[in-house]
Structure formats: C-alpha cells, structure tokens
Amino acid sequence: MKTRLPTIAIGLAASLACGASVLAQQPAQAPGPAAPGPAAPAPAPSPAAPPAGTPSPAQTTPLPTTTAPGPGPGTNQAPTPPAPEKALPPATPVPPAAGRVPLVANPGDPSDVDEVTLPAKPAAILSGTAKWDQAVPSLKDAIAKVEAALAQAGIKAVGKPLSVFTRTDDDGFQYEVMVPVEAAPNPRPAGLPDDLRFGATPSGKALRFTHKGPYEGIDQTYETVTAYLDAKGIIVQDAFVEEYLTPLASPSDDALEVNIYALPK
C-alpha cells in the first residue's frame, strides 16, 4: 500500500491544476444591470496558501488497508496444537560377526590366488545337510543357531563363521558350520544344544580364492578354482572351506564376500 500513495496524490494535484487552467481561459462576461435584492454578504477571506512542502489532503488521508484476520482481545481461538514429533528410524542391527578377524588377516584379491597358512582355532561346530536350492537359508540358520547358543552360554566368539563342505552330490551336500571361539569351555556349560560340539578349524597350507557378489553366482568362482587346480595339477582334499567375511543374508546379496579355501593333500 505504501508504494501506491504518491501516485494517487500526483493524480489529484494534476486534476486541480487542469481545472484552474480552464477557468482562467474562459472570457469575462459583461456585467448586466444589477438585479434588485439584498446586498451580497462579504466574501470570506481566502485561506492562506500552505507553505511549500506541506502535504495535500490526498497525501495525509490514510487509505483503507486490508489486514488478515487474527486473534484479538477477547477472541476465543483454540491454540494451534504442536507438530507431532517425528519417529526416529529403527536402529540398524549390528551383525554378530562384525569386528571379528578372519583366519588370515590380510585380505584376498578376487583376481588372484593366495597361498596361505590356516591356523587351528577352537570352534563351536554344528553339522547338517541341505539341498542346493536351500543352501543359503540352511547355512544361515545353522550359523544363527551356533551364535545364539554361544551368546546364551557366555562363550566369546572371535572369528568369522565358516562352512566346511564334507560331502557333495547332485542333490545336496553335508556341512559343518564353525564359529571360532576364544577357548573351548571346560566343563561344557549346561543348556547348550546336544548337537553342538567343540573342535578346531581346518589348518595347514591352503589356497585362498575370494568371491565377491551374490551367493547364487558362487559356482562361477568354483569353476575358476577347478580350472586353476587342473592347470597346476594340484590335488586337494575333498572338503572345501567357505569363510563369510560379510553376513550370509540372501542368495542375491551383492555385498557378500566369501573366502574359499582349498587344502592340498
């Protein structure tokens, strides 16, 4: 509204100036005989012209303004309720094996083969069988069972979980899931599952191959392993070892990292 006030005042001043100019240009009429009647009252003195710089009435008259309605004195208006607090997202669970060291400390190269020496570490062991199309769910459940039993018994796990494939055929496989521990308990704690035992991880000279990507594509890595062993004429033990550097979550997990160990005879 403030920007429009000078425009209105200028328009009114221009209209007044135009009207005065028209009156000044009209010809004076000859006076006729005076009509009888009462004498005209004396003209009122003209008001003194305002000094320069005095605003005109159009400039001093405030224009009506429009204001948004709001609560005033005595207005019974319900208070605005506070905005609801946003719920915090659920915390991401930390995998049980996070922070544990693998059997060989230095990482492997997916494009190369490493000759390593595996140490014998005490481990909790659970045996089982599975079909190939249920490999990930079966191994995942077995690892979770061992982890839960160790946590309940207060036994400290110190290494990444392993799977040792003791026998394979076209239909499925036999396995031993292992979780390295700080020390095998003696005596055996009460409450542990009957099928859980303690032993040692595979040890000795080994060839390490690294698989990165979904578990459903690990067969291609094993084809590389077989081709390498055949080319070098290396005969290995029947049991291959898989060490899961990342959680075995699903067959299509792109972030999966697995060390595959082949132990020469």
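1. Let's start at Glu-147, which is found in helix α3. Do keep in mind as you read that this is a predicted model. Glu-147 counts as buried because its relative accessible area is 12%, and the cut-off for buried is under 20%. In sequence, Glu-147 and Ala-124 are 23 residues apart, while their C-alpha atoms are 9.0 Å apart in space.

2. Glu-242 lies in strand β7, which covers residues 240–244.

3. What does the side chain of Glu-242 make a polar contact with? The partner is the side chain of Tyr-215, at 3.0 Å. Setting aside residues up to four places away in sequence, Glu-242 also touches Pro-161, Leu-162, Ser-163 and Phe-165, then Ile-218 and Tyr-222, and finally Val-258, Asn-259 and Ile-260.

4. Once its neighbours within four places in sequence are left aside, the contacts of Tyr-215 include Ala-135, Val-136 and Leu-139, along with Phe-165, Glu-242 and Tyr-244. Leu-248, Pro-251 and Leu-256 are in contact with Tyr-215 too.

5. In soluble globular proteins, nonpolar side chains tend to be buried together. Here, the largest nonpolar core has 35 residues, and the members that touch the most others are Leu-139, Val-146, Leu-150, Tyr-215 and Tyr-244. At least two residues of this core come from each of β2 (122–131), α3 (135–153), β4 (172–180), β6 (204–212), α4 (218–232) and β8 (257–262). Which element gives the largest share of this core? That is α3, with 8 residues.

6. There is also a second, separate core, made up of 13 residues. Among them are Leu-103, Leu-118, Ile-125 and Tyr-261.

7. Now for the overall picture. The protein has 4 helices and 8 strands, and from the N terminus on they follow the order α-α-β-β-α-β-β-β-β-α-β-β. Of contacts between residues at least 6 apart in sequence, 74% join residues at least 24 apart.

8. Last, burial and surface. The protein has 265 residues, and 28% of them count as buried. Its accessible surface comes to about 18000 Å², with 59% belonging to carbon and sulfur atoms.

Definitions and conventions
Residues numbered from 1 in each chain as written. Predicted model: local features only at pLDDT ≥ 70, side-chain atom pairs only at ≥ 80, totals over all residues. Heavy atoms only, no water. Polar contact = N/O pair within 3.5 Å; in protein donor to acceptor, adjacent residues only side chain to side chain. Contact = heavy atoms within 4.5 Å. Core = buried A, V, L, I, M, F, W, Y, C linked by side-chain atoms within 4.5 Å. Buried < 20%, exposed > 50% of the residue type's maximum accessible area, 1.4 Å probe, protein only. Areas by Shrake-Rupley, 256 points an atom, 1.4 Å probe, with all protein chains shown as cover.
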